[in-house]
Every structure is written in C-alpha cells, then in structure tokens.
Amino acid sequence: MSHMLPESDTTTRVKMKLLVAFLLAVLGCSLSEGRIVTKCELRDQLVRETANLTDSQKVLTGSNFVAKAVCHAELSSGFNTAVVNEVNLEKRGDDSKEQKDSSKPRRQRSPKGPEPPKRPEPPKRPEPPKRPEPPKQPAPAPPQPNNTWKLYGLFQLGDKVACNGTSPSANICGTSCSDLLNDDVTDDINCLLKIVTNPPPTKGRESSESSEESGEQRGHGSGKAHSDKLKTMLGLIFQNECKDKQDASYFADCP
C-alpha cells in the first residue's frame, strides 16, 4: 500500500528541484564564458602560434616574446579570460614651470644731470561715469578627448585598437570585444600577435594614407590616430615589470 505525501510536501520538493536546476544552469553559463588558464598552458599555445609567424614578424615580436606575453597576462588579468577593466590613460603634463632667474645683477645706468622743472598740467575735467558692462558669458569648454579605455580578456586588449566595442576603434583584429571574453584563448592570442606585428605607420606613410583613403574605410583609423593608439596599446602589453623576463627562467617550473 503506497503512502501519499501531503500536498504541501510535494509542492516544496518541486520548488527545490526547480531552484537546483536554475542554479546549475547559471553556474554552467558562468563557467562556459571564461576560465583561468595556467601559465604553462598559455606558453604552449603561444609557442605553437608564434611558430607560424614570418621571419619579419618574429623580428617585431622581439626576443623572449612568449615569456613577456605570458607575464603580461599574469599581471594584467591573472590568467582570467573573462576580465574587463576600465582605465583612463590621459597624459597629464608637468604643471611645474621654470622661474626666471632674478638674481642676475642689473646694469646700472650712468647718472644724468638735474632735469628741468616740469610745467604744472592743467586740472583734468572729471570723466562721466561709465555704464557697467553686461557680464560676459563663459566660453564653452572645448570637447575633451575620450581617454578612457576598456581592456578585455586574457591579455587586456583595448577597445580603441584591438576590437569593436562601444568606442570608435581601429579594430585591428576584426572582432567584437565580447569575443575576447570566452574560454577559447586562440582568438586572444591571434589578436595579440596582430597588434604586436602591426608596425605603426611612419610619417610618410601617414601623409600618403590620409591623402589616398581614410583609415575608417580600411578599418585601421586615420594614420596619426591609429599610430598613437597602437603605441599606447604596445606600451600596455610590453610593461616594465615583464621586459626582462627570459623564457628559460620564467618557465622553469613548466614541464
């Protein structure tokens, strides 16, 4: 003889099952969007991808590039493929100004003879009071350049250079910024290599590019703007903390 559960117990069990299913679904989505990559795994994938570079591209990456790139990923994202950061890269000039040296002795003039007495000037008529001028409206402030960058993914690649996000971008990698946040690091590595092996345009190249066709049509931005943003991105990738990393010592604990 089967025992029937009370209706309240049955309803509670159904709700609990639905809640567990919902939590598992949310957890599964979050795990599929990003993951933590190990240092040795990232090294192996970078070694495979850089082997396909041409000799001229390998010159642009420089020596011990894999160690420097993995070090950059470790410090900037913690090897997390789903990290998004926002930074302001505005360059502030030095406000300190040089003061003129007032300690130099002044040249003394030779003494002159006594000047003749001046004739007294006639008294001036009082001028009529001036009407007060209306207050001047403050001039509108010039538009400030947007120096806020969003950095995406494993290598923290910028939205103004690497990918297409919310800001106007050179989009060197021809991809959406959200594609750099999944657990597949192949697109991140390929994007990194495109940036590193894309030399900034020279002055002659900038002038010819601006006269022949606009950079927006090519997807790389105007010559000067593209060059400045690319240099900024390269400065973030090749950070000072990683510039002296050597492949042999940095990966000594990898099999």
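**Contacts, core and disulfides in a predicted model**

Modeller: In this predicted model, Asn164 touches Asn171, Thr175, Ser176 and Cys177, leaving aside residues up to four places away in sequence.

Biologist: Where is Asn164 found?

Modeller: Asn164 has a relative accessible area of 45%, so it counts as partly exposed. Its C-alpha is 7.4 Å from that of Gly174, a residue 10 places away in sequence. As for its place in the chain, Asn164 is in the loop between strand E3 (157-158) and helix H5 (186-196).

Biologist: How many residues apart in sequence are the parts that the pair Cys163 and Cys177 ties together?

Modeller: The sulfur atoms of Cys163 and Cys177 are 2.0 Å apart and form a disulfide. With 90 degrees about the S-S bond, this link is right-handed. Both cysteines lie in the loop between E3 and H5, so the parts tied together are 14 residues apart in sequence.

Biologist: Is the disulfide of Cys40 and Cys254 left-handed or right-handed?

Modeller: Cys40 and Cys254 are joined with an S to S distance of 2.0 Å, and both are buried. The torsion about their S-S bond is about -90 degrees, so the disulfide is left-handed.

Biologist: Which parts of the chain does the disulfide of Cys71 and Cys242 link?

Modeller: A disulfide joins Cys71 to Cys242, S to S 2.0 Å. Its torsion is about -75 degrees, so it is left-handed. The two cysteines are 171 residues apart, and the parts linked are helix H4 and the loop between H8 and H9.

Biologist: What is the pairing of the bonded cysteines, numbered in sequence order?

Modeller: The count comes to four disulfides. Numbered along the protein, the bonded cysteines pair as 1-8, 2-7, 3-5, 4-6.

Biologist: Which element gives the largest share of the largest nonpolar core?

Modeller: This core has 43 residues, and Leu157 is one of those with the most contacts inside it. Elements giving two or more residues are helix H2 (39-50), helix H4 (65-76), strand E2 (148-152), H5 and H8. The largest share is seven residues, and it comes from H4.

Terms used:
Residues are numbered from 1 along each chain as its sequence is written. This is a predicted model: local features need pLDDT of at least 70, side-chain atom pairs count only at pLDDT 80 or more; totals for chains, interfaces and linings use all residues. Side-chain values use heavy atoms; hydrogens and water are left out. Helices (H or I, at least four residues) and strands (E, at least two) are DSSP runs, numbered from the N terminus. Buried means under 20% relative accessible area, exposed over 50%, partly exposed in between (1.4 Å probe, protein chains only). Contact means heavy atoms within 4.5 Å. A nonpolar core is a set of buried Ala, Val, Leu, Ile, Met, Phe, Trp, Tyr and Cys residues joined through side-chain atoms within 4.5 Å. A disulfide is a pair of cysteine sulfur atoms within 2.5 Å.
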